[in-house]
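Trainee: I have this one open on my screen. Walk me through the fold, please.
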Amino acid sequence: MTQTETRAARRALDGRPSSGRRAVKPERRNPLASFSFGRRSASQAPAGPRATVRQLIPYLTEHKGILAFVLALSLVLAAVGLAQPLVVGRVITLVGEGQPLGGLVWLLAVLLILQGVLSGYQHYLLQRTGEGIVLTSRKRLISRILNLPIAEFDSRRTGDLVSRVGSDTTLLRAVLTQGGVEAIGGAVTFLGALIAMIVIDPVLLGLTVLVLFVAVGGAALLSLRIRDASHQAQAKVGSLASAVERSISSVRTIRAAGATRREVEATEAEAVGAWEMGVKVAKISALVVPVASIAMQASFLVVLGVGGYRVASGAITIASLVSFILFLFMMIMPLGQMLGALIAINQALGALGRIEEILDLPDEDADDRRIAPHAIMVGPANEGMQPDAPALEFDDVHFAYARTTPNDPADPGNDSPDEHRPEPDVTERQPVLHGISFRVPRGQRIALVGPSGAGKSTILSLIERFYDPSVGAVRMGGLDIRSLERTVLRSQIGYVEQDAPVLAGTIRDNLKLGSPDATDVECEHVLRAVNLGGVLERDPLGLSAPVGEDGIMLSGGERQRLAIARALLAAPPILLLDESTSSLDGVNERMMREAIDAVAAGRTLVVIAHRLSTVIDSDRIVVVDQGRVIGQGTHAELVETVPLYRELAEHQLLV
């Protein structure tokens, strides 16, 4: 491709006209790079982790049918509750007048039983709906987390993400279960009691409202501090989860290094930090919760004293005073519900801020719609690709990882002028690849060799579109892979990572990860092809044998071969193998090479290897050093022309 064509292709992807623009310099960032890492610019940064009630409403409207029914129950309960003081007052009046009570006692009993039954049913519905809200939030979080750009996982801690799914979401339940909806019905009760008290004695009501106003005003001001404290507490819980996850996943290394005591102390320090933030929330809550009790006692004493005086003066009757006191209790109880709901909502908003922080992140495909609005579909047989184009091609590819500055999760604002705007994570970019160019013809085996840190694994990550180039293009069948849907692109590729991760579960679960429709016969065949038949024979469970957390029940070589078997089972046209034989002994390495040779027929292979003996028979070897291609050719050619390759070969006794 000529330089003019290259520039035109880049302009086409950038959505700009092909005329009137200078050539792109090698070190200049491609405009596409702003999409590569799934991050926002400063102007697009979220307003911060503080959530608002408006963000909470969608979680409630998903259950609007049940919530409407619960609200109706609250209104019925309010009516039932308001009727009771009226009936009691009538009973006292009739007793004082010496008249028969008739059915009033039975009516009062029915009202009490009905209130108990309806309250229990309402509680069940609220608990169930609360669990539904938690489930909804967890589903959204899980879906978003598993679709985030890979760069997000480079800068975030696993334990913190797990904490958001497991811990933060549970606080949303409290919005309903701790008086959120009941407070609406309570408001009706409050209003009804207020009207009845006005009718009975406006003077007593005025004194009561004055006491309540002072108490509620103070509680409302204190509750505003709960939201920020709750967010900080949940952030500390996330830090604790991260510390525990780190310690457990590395427990063998920690014990071997004699660092158990230090790790225990460090993790305990995180636990203490979470405890301190929890105590802070408790202190604020402790100032708010007693308000209802204090308001009730103070109001009761005022009403009892002043009301007794007014009864003695003949201004009101005994029956009216008793009814007023009952209505007072009915007015105070909803007030307690509303204060409890206020605390629960503010705690939920603190946790919701952390949830929304993740949900607001763009997913891996978010910017693809801007890069390639008309994605080109590619069938399993590479339909639609240019038949004469190489299977893969790197054209002047530059790439830099985003380097991040760690944030204190309990202080998301850091040093930002706006305390609620998070400090930008990305501070600078770390260049890794510099003008990489090479081709991988169809059906050939290409080996990437070079010292550690040269950028070989990064090249495979770009092929998989875990990241996108800062400058240049990676093509498959002549098409820029940024114009392909990621799922379709990856269906063409089998990828075996350097550390060969194994998922907790069974052997079958691991094999069928990318081939869910594979049969047991196919699974057993591919296992034997990579010399893993012995694993089936040593455990009577066969394919159902568990592999343990991170495949701990398998040896390092077995984990690597299982990862290769998983890729081979999918039988993609392109295989990417990153140090696929690094954990094998000489015998198994030979058998593995034979297995790869067998499945390589008709496929394209890109292999990374430090052992040159495993790749000397490749169709072409690409030598990479410090992010640059310094030589391409066969083993014999590179020994003569590339000093670095000759040095590597001499160290491995191949020259």
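Mentor: Labels come before anything else. Helices here are DSSP runs of H or I with at least four residues, strands are runs of E with at least two, and both are numbered from the N terminus. With those labels, Ile 481 lies in the loop between E5 and helix H17 (486-491). Keep in mind that this is a predicted model.

Trainee: Is Ile 481 buried or exposed?
Mentor: Buried. Its relative accessibility is 3%, and the cut-off for buried is under 20%, so Ile 481 falls in that class.

Trainee: What does Ile 481 touch, leaving out residues up to four places away in sequence?
Mentor: Leu 462, Ile 463, Arg 465, Val 474, Arg 475, Met 476 and Leu 489. For Arg 465, 16 residues away along the chain, the C-alpha atoms are separated by 7.9 Å.

Trainee: Which strand does Met 476 stand opposite?
Mentor: E5, where Leu 479 faces Met 476. E4 and E5 make a hairpin with two residues between them. The two strands run antiparallel and are joined by two bridges. Look at Gly 477 in the turn: its phi is positive, about 60°.

Trainee: How many residues of strand E4 are buried?
Mentor: Six of the six, so strand E4 (residues 471-476) is largely enclosed by the rest of the structure.

Trainee: Next topic. What is the strand order in the open sheet?
Mentor: E6-E7-E8-E3-E9-E10, six strands with mixed pairing. Strands E6 (493-496) and E10 (628-633) are the edges, each pairing on one side only. Ignoring direction, neighbouring strands are turned by 15° against each other on average.

Trainee: Which helix packs on the sheet and touches E6, E7 and E8?
Mentor: Helix H16 (residues 456-463), which also touches strand E3 (445-449) and strand E9 (620-625). The direction of H16 makes about 150° with that of E7. Helix H24 (residues 643-651) lies across E3, E9 and E10, at about 105° to E9.

Trainee: In what sense do E7 and E8 pair?
Mentor: Parallel, over five bridges, with E7 at residues 574-578 and E8 at residues 604-608. One partner to find on screen is Val 606 in E8, bridged to Leu 576.

Trainee: On to charges. How many salt bridges does the whole structure have?
Mentor: A search finds 20. Start with Arg 486.

Trainee: Is Arg 486 buried or exposed?
Mentor: Buried, at 8% relative accessible area. Glu 364 counts as buried too, at 16%. Asp 365 is partly exposed, at 31%.

Trainee: And what is the class of Glu 537?
Mentor: Exposed, with 61% relative accessible area. Its side chain meets that of Arg 528 in a salt bridge, 3.5 Å from N to O. Arg 528 is partly exposed, at 45%. Elsewhere, salt bridges with shared partners join Asp 160, Arg 164, Asp 168, Arg 354 and Glu 357 into one network.

Trainee: Which residues make the nonpolar surface patch of about 320 Å²?
Mentor: Phe 69, Tyr 121 and Tyr 124. Tyr 121 is in helix H5 and is partly exposed, at 40% relative accessibility.

Trainee: Two loops to finish. Where does Asp 201 lie?
Mentor: Between helix H9 (182-200) and helix H10 (202-249). Asp 201 is buried, at 2%. Apart from residues up to four places away in sequence, Asp 201 touches Arg 310, Ile 316 and Phe 324.

Trainee: And is Leu 146 buried or exposed?
Mentor: Exposed, at 66% relative accessibility. Leu 146 sits in the loop between helix H5 (104-145) and helix H6 (150-155). Its C-alpha atom is separated by 8.8 Å from that of Asp 363, 217 residues apart along the chain.

Trainee: How many helices and strands does the chain have?
Mentor: 24 helices and 10 strands. Of the 655 residues, 45% are buried.

Definitions and conventions: Residues numbered from 1 in each chain as written. Predicted model: local features only at pLDDT ≥ 70, side-chain atom pairs only at ≥ 80, totals over all residues. Heavy atoms only, no water. Buried < 20%, exposed > 50% of the residue type's maximum accessible area, 1.4 Å probe, protein only. Contact = heavy atoms within 4.5 Å. Patch = residues over 30% accessible without salt bridge, like charges linked within 9 Å, V, L, I, M, F, W, Y side chains within 5 Å. Areas by Shrake-Rupley, 256 points an atom, 1.4 Å probe, with all protein chains shown as cover. Salt bridge = Lys/Arg side-chain N within 4 Å of Asp/Glu carboxyl O. Pairing = 2+ DSSP bridges. Axes fitted to C-alpha atoms, helices over the stretch in contact; angles between N-to-C directions.
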